[in-house]
Amino acid sequence: MLETMPTVPSPTSQSHSRVAEGSTPTKPAFESWGRYPTYNAKVIPLHWQGDFPAVAQNLHNGILPVGLGRSYGDVCLLKDGNLLATPGMNRIISFDPETGLLTAEAGISLAQILDFAVPRGFFLPVTPGTKYVTLGGAIANDIHGKNHHVAGTFGRHVTEFELVRSDGSFYYCSPTKNPEFYAMTIGGLGLTGLIRWATLQLKPIVSRMIDYEGIQFHGIDEFLALTEASKEIEYTVSWVDCTSTGKNFCRGIFMQGDHSSKRAPLNPSPEPKLIFPFDAPGFALNHLSVAAFNTVFFHKQMKKQVVTLQDYEPFFYPLDKVLHWNRMYGKSGLLQFQYVIPWNNAREGTVAILKEVAKSGLASFLAVLKAFGDVPSPGVMSFPRPGITLALDFPIKPNKSFPLFERLADMILDYGGRLYPAKDAAMTSTQFQAFYPEWEQLARFRDPMITSSFWERVTGDQPNL
Amino acid sequence: MSQNQTENNSPQRRILVLGATSGIAEATCRIWASRGASLFLVARNPEKLAAVASDLRARGAAFVDTAVADLDDTNSHPALLGHAVNSLGGLDVAYLAHGILGDQTKAEQDFNTTAHILHTNFMAPVSLLTWLANFFVQRRTGVIAVLSSVAGDRGRKSNYVYGSSKAGLSAFLDGLRNRVDREGVTILTIKPGPTKTAMTAGMKGSEKFADVNAVAKSIVAAIDKRVDTLYVPFQWQPIMFVIRHIPERVFKKLNL
């Protein structure tokens, strides 16, 4: 199995056509959310703040701190290396109900933070589409959410953290303390050291509910008009149908919401009960089934416009209801693709990409479109920038997915955009280095023992062990 | 917070936790903390103990006090327990959660290793139980919850030293219950199956072990209901029933 994987950075796309087929002989101890690529690695759980760097003393194949494995590609993988799993390090260190400042160990998940904070009248300042990510992972990937246009990235709300290096040195990092480590660690893909704990500025809420509005749109210009009209609304995101062509091209649902200002009980969330129980067979997701899903999804909202009060769980985390939903894509896994194109080319680029995807016939039914705002991120390597972002996911089809990917990535490059490392398993080193010219700075701040399969793939930068 | 208020009606308000940095104990304490209980935590490592204590304070414990102690030192027990009771202003629940897995292979060759496992997992709890049982009997109330193990239900070659320490502990608890239950004191023997904690991290098959928060939830519920014996997860009860009833002439040939 492993020899069929593109395991090394490939300057050409040749290895990309050799896609994994069939099953993995033994399930790897740690998988990323896309379940592609899959590598063997040793998982070393951390339970206490003092465990690192002691546990790493006698390790010789490189290390990588990881959280809950929700990044899609290989930023959270290290082939034949050692993964320091942080979710056991999940204690709250302090919480100030006056200011909403929460300090916690970096392995705490956003779900655990919400369970703690919501009954106390606080919410995450920024949340991605799943709550099963760790605080440390959220910082390392400088994640964004539906409120990027007003709140910026997650890292903007991290007031301080402690970074520990494999040589035992440690740095308190904030915009004023060790600012260079602060800026390189936010969005630094876990490479600068282990984040031991972090302080997050939560925001007050008075209800679990979101004042929700869903509006159907047809075409990119309606999407842009809705974006312009909703600048004052905290959360906006769109689902877009990228299987349809002709008059249904770029149809979608624009979803927007604000935290309800009407006081209501702040109960903790119930635990999820549904688990996707097995790997779906490879044929389950095809062009027809996805096109059917898209049509149903579009018309599920019968009216042009729906206004309602919705709990935050289905609003932010519709897929978290089904644990392991990625199994729907079967054993071969899925590929994510998320770009941002700056405003000057955003409209043209997005139309061109959507056309290319529709033409390819490679189905994607979780397509998410959003306008990023111009709030700057504190992270040097942070992905978001002002413009349009589109996230797509595809089942992996031999000889089809990777060539499409490479075409799309080159288009993104031409439009002056970039791809999101947390969702990538396929960009070439040439593409990465053009997207992120700042990568050489990160290389200088990288902990010499820490690396990832992503980093080795896109830079060829080997650890100094 | 409305939830905290409703659960505050639980009678278990003042809780002593011995071995508070163990994975199962910490998960249990988080539930008690969210209910607003008062906790006295004992553990050996001061940094770990402080990390657990501040977490429980943040989670809503009404009061948290700690003592660093090596529970192998049985001579220190009376003073330690007296101090805990004073600090909490009384005691409703004592939760014994300390223990070590030990190195079975080494113990097979070296009696001192075996003796150490037996001392930590059996002698030390017995010392604590003697003091605590008499304390509660005097007051004719209280719950003593003790982490034993399914491994104590039958000795197996893979971990019989640990297993026999827990077997001794379970037998001691049976007898103690027989003595003090009629005095109003509940003795709860907890027999967890393999659980995902720091103690079992890296063990073969550990990704299939029980979730520590689910185990903790069952323990809290069993203490509330004053149950005698808890297998957790519950599937271990029928499994251990079968294992206990395999004839010895067959059992001795198995690789368990």
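Helices (H or I, at least four residues) and strands (E, at least two) are taken here as DSSP runs, numbered from the N terminus. The structure is a predicted model, in which local features need pLDDT of at least 70, side-chain atom pairs count only at pLDDT 80 or more, and totals for chains, interfaces and linings use all residues. Residues are numbered from 1 along each chain as its sequence is written, while chains are lettered from A and ligands numbered from 1 in the order in which they are written.

In chain B, α6 runs over residues 111–139. Its 29 residues reach 41 Å from the first C-alpha to the last, close to the 42 Å expected (1.5 Å times one less than the number of residues). A kink of about 45° in α6(B) is centred on B:His119; the bend at a residue is the angle between axes fitted to the seven residues ending there and the seven starting there. After α6(B) comes B:Arg140, with a positive phi near 55°.

The bond from A:Tyr36 to A:Pro37 is cis, with omega near -5°, and A:Pro37 sits in the segment before β1 (42–45). A:Phe52 and A:Pro53 are also joined by a cis peptide bond, with omega about 10°; A:Pro53 belongs to the loop between β1 and β2 (63–66).

Positive phi values occur at A:Asp142, about 30°, and at A:Asn178, near 45°. A:Asp142 lies between α2 (135–140) and α3 (148–151), and A:Asn178 between β8 (170–173) and α4 (179–185). A:Asp142 counts as buried because it has 27 C-beta neighbours inside 10 Å, whereas A:Asn178, with 16 other C-beta atoms within 10 Å, is partly exposed. The cut-offs are 20 or more other C-beta atoms within 10 Å for buried, 12 or fewer for exposed, and partly exposed in between, with C-beta atoms placed from the backbone.
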